[in-house]
Amino acid sequence: MALNLDALGKPIGPVTRDYTWKDAVLYALGVGSGFSELEYCYEKQLKVLPSFSIAAIFDFLAHIGVTSNVNLAGILHGEQRLIFHSPIPSEGALTTTGKITHYYDKGKDKGALVIGESDTYHSNGKKLFTSILTVFSRLDGGFGGQNAPKQEFIFPDRDPDFVVDAQPSENQPLIYRLSGDIFDLHVNPEFARMSGFEKPIMHGLCTHGYACRALIQSLIPGQPEKARRMDCRFSKTLYPGTPIKTLIWKTGDGKAMWRTVDAVSNKIIMDNGVFEYGDIPQEKIDFTGRVAIVTGAGAGLGRTYALELAKRGTKVVVNDLGGARDGTGGGSSSAADAVVQEIMESGGEAVANYDSVATPEGGEAIVQTAIRAYGRVDILINNAGILRDKSILKMAPENWKTVLDVHLNGAYHVTRPAFKIMKEAGYGRVIMTTSAAGLYGNFGQTNYSSAKMGLIGFMNTLKLEGEKYNITVNTVAPLAASRLTEDVTPPEFFAKMKPEYVSPLVLYLCSEKCPVSGHIYNAGMGFYNRAAVVTGPGAVLGNDDRIPTVEDIQKSLGQISSLKNGKEYCQLNDQVGDAYAAILNPPTTQAETRDSSTDNVRFASVSTVFDQMPGAFQADAAAGIQVVFQYRISGPSGGDWYCAVKDQACQISSGIHDKPTCTLNMSDADFLAMMNGKLGSMQAYTSGKLKIDGDIMKSQLIEKLFRVSR
């Protein structure tokens, strides 16, 4: 199977993993820490080894393999670069997104290189580290691509400044594998011999952890937070129990080169090592060189956004019509001019604009003001708004239309021309302003609530259109003192509702550091949280022969309405796909649909999977293919089945085939988890839950030949 060259540059993830201090300690023990380095092993004032980063995103590495479509029978971890941005907290959640940045062709029979780059953020919002991974795929060369550029790496011609000896235990892989990489090669003697080794070998990333400890011990003792970068090439395998030496040369201020060798044979285990270290960079969100448009910026929230952006280096277009709170009046330049003057007196740059967002011409003119003054638009905050509150029977069509024209249509009028410029530049940040009235409802504000909820729909689609151009779109529901809220808010709360409490979140969402798009946030008085549209798992009623009745709906309303195990969707196709899957694979009994343990389960038993496989077979994809997949499923509900594919037809039989192309071994629980979409196939394989005997390459045909809805 060929490499998936179309995957180049396309987003992978996000992949999220929760962890606790126990995971960090287990990793430290797995790479040789102990009482001599209690700061890595004791939860009191725990410090996390920087190299824990690559173990913590082990699942993401599998996604690189799946997306690139490498031949799993011939992959090796070739090189690894880690760039450390912030110290890793002792617990939390890690979210990793990335992409394949390069494919390099070393030639037929010489292999290929797949380069994957990813960024990992902590649940506290901080960017923790960047990983640049090189996978060597020895069976995928000869696809016609360019070879990798040559890199010259010369060590100093002198003795190393530090030599750190270490003695991994013969049982070291048994501890390290508990951090995620439970591949059989590191634990199963029989598998290791079949793979050409005398016995199980050390994990390369376990030796990498030993090297990280040696570098910290020598260069920044007791201060792992000062590690800034760690590179290496994995050169040779190592058997457990073999002593190692890490050789370190200081090459400059905060820089070193290193390699790790087998202390018995002097063979190089890891080479081309680079280590950089220094004080933790002071993290500050900076907007120098960026240009922002803030609509409705003459007072309240808009004014605060404009002032705060300018303080951080943004050139700001301050837009305000200067009308009354309900949008009436001929307009005035004084509000926008006053904010511009404030910015300029503080040393910032700003220009005023007095056009109305309520017309396409006004929106275009606002954007052109930015282009004429500064030549670009990077940030747009759609903040302009008016109020005309009436209960529905008193809501005149004019009041309905005018409010929608400013809030919803106004956002469209400015966003459309701004988006064009952002797309051409390959960068943009768009903020919509919704309201709790739109998210949750508020008496007497049908026009305002409808407009504000409409902005959520606008964001949901715009985020998809902007994704590949590095344009993020997010929405904030502010709770802040303004002329729109002054007479509808109790005085004691109004005094606490300073716009300054909202602006930090808005500015972060406007920044290059912001990793999210399509999110909704509430913000006010120092309280921040996220809101989302959540869809319940639902119920399937009726079938091809019977349309459900009104009474069926009545009986099942509880299940239809339940949000237990609800799901947040990123786009329409995801939700429709789940709906189709539910219809095609409904639960087999009513009792099963009511059992919370089977929520979101499409296959209740192993035998059901094989019963449904013929219906999932893709005959068009089977031209010229002749294979036999043997399944050996252990456990109480397991058994043996095989699938024979020949002449664009498939036959599913129970029992054992005498000459299978490949054999897939799994427990019944893991097999059902995989088939129900709760365990990825690559994750199952790399974790050892799925073991494949025979032609591993041919096993990759399964996903091509069968389309199982989940």
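User: Is tyrosine 42 buried, partly exposed or exposed, and what is its relative accessible area?

Analyst: This is a predicted model, where local features need pLDDT of at least 70, side-chain atom pairs count only at pLDDT 80 or more, and totals for chains, interfaces and linings use all residues. Residues are numbered from 1 along each chain as its sequence is written, and side-chain values use heavy atoms, with hydrogens and water left out. Buried means under 20% relative accessible area, exposed over 50%, and partly exposed in between (1.4 Å probe, protein chains only). Tyrosine 42 is therefore partly exposed, at 38%.

User: Where does tyrosine 42 lie?

Analyst: Helices (H or I, at least four residues) and strands (E, at least two) are DSSP runs, numbered from the N terminus. Tyrosine 42 lies in the loop between α1 (21-30) and α2 (52-56).

User: How many residues apart are glutamate 276 and arginine 229?

Analyst: Glutamate 276 sits in strand β10 (residues 268-277) and arginine 229 in strand β7 (residues 227-234). The pair links distant parts of the chain, 47 residues apart.

User: Which residues are linked in a network of salt bridges with Arg229 and Glu276?

Analyst: Glutamate 276 counts as partly exposed, at 23% relative accessibility. The network of Arg229 and Glu276 also takes in Arg81 and Asp231.

User: Is arginine 388 buried or exposed?

Analyst: Glutamate 398 counts as exposed, at 55% relative accessibility. Arginine 388 has 14%, so it counts as buried.

User: Which helix supplies the largest share of the lining of the largest cavity?

Analyst: On a 1 Å grid over the protein atoms alone, a cavity is a set of points where a 1.4 Å probe fits but cannot get out, and lining residues have an atom within 4 Å of a point. The largest cavity is lined by 13 residues. Both α10 (397-425) and α12 (446-466) supply at least two residues of this lining. The largest share, five residues, comes from α10.

User: How far apart in space are proline 11 and lysine 99?

Analyst: Proline 11 is in strand β1 (residues 11-19). In sequence, proline 11 and lysine 99 are 88 residues apart. In space, C-alpha to C-alpha, the separation is 5.0 Å.

Definitions and conventions:
On a 1 Å grid over the protein atoms alone, a cavity is a set of points where a 1.4 Å probe fits but cannot get out, and a pocket is an open set with protein on both sides within 12 Å along at least five of seven lines; lining residues have an atom within 4 Å of a point. A salt bridge is a side-chain nitrogen of Lys or Arg within 4 Å of a carboxyl oxygen of Asp or Glu.
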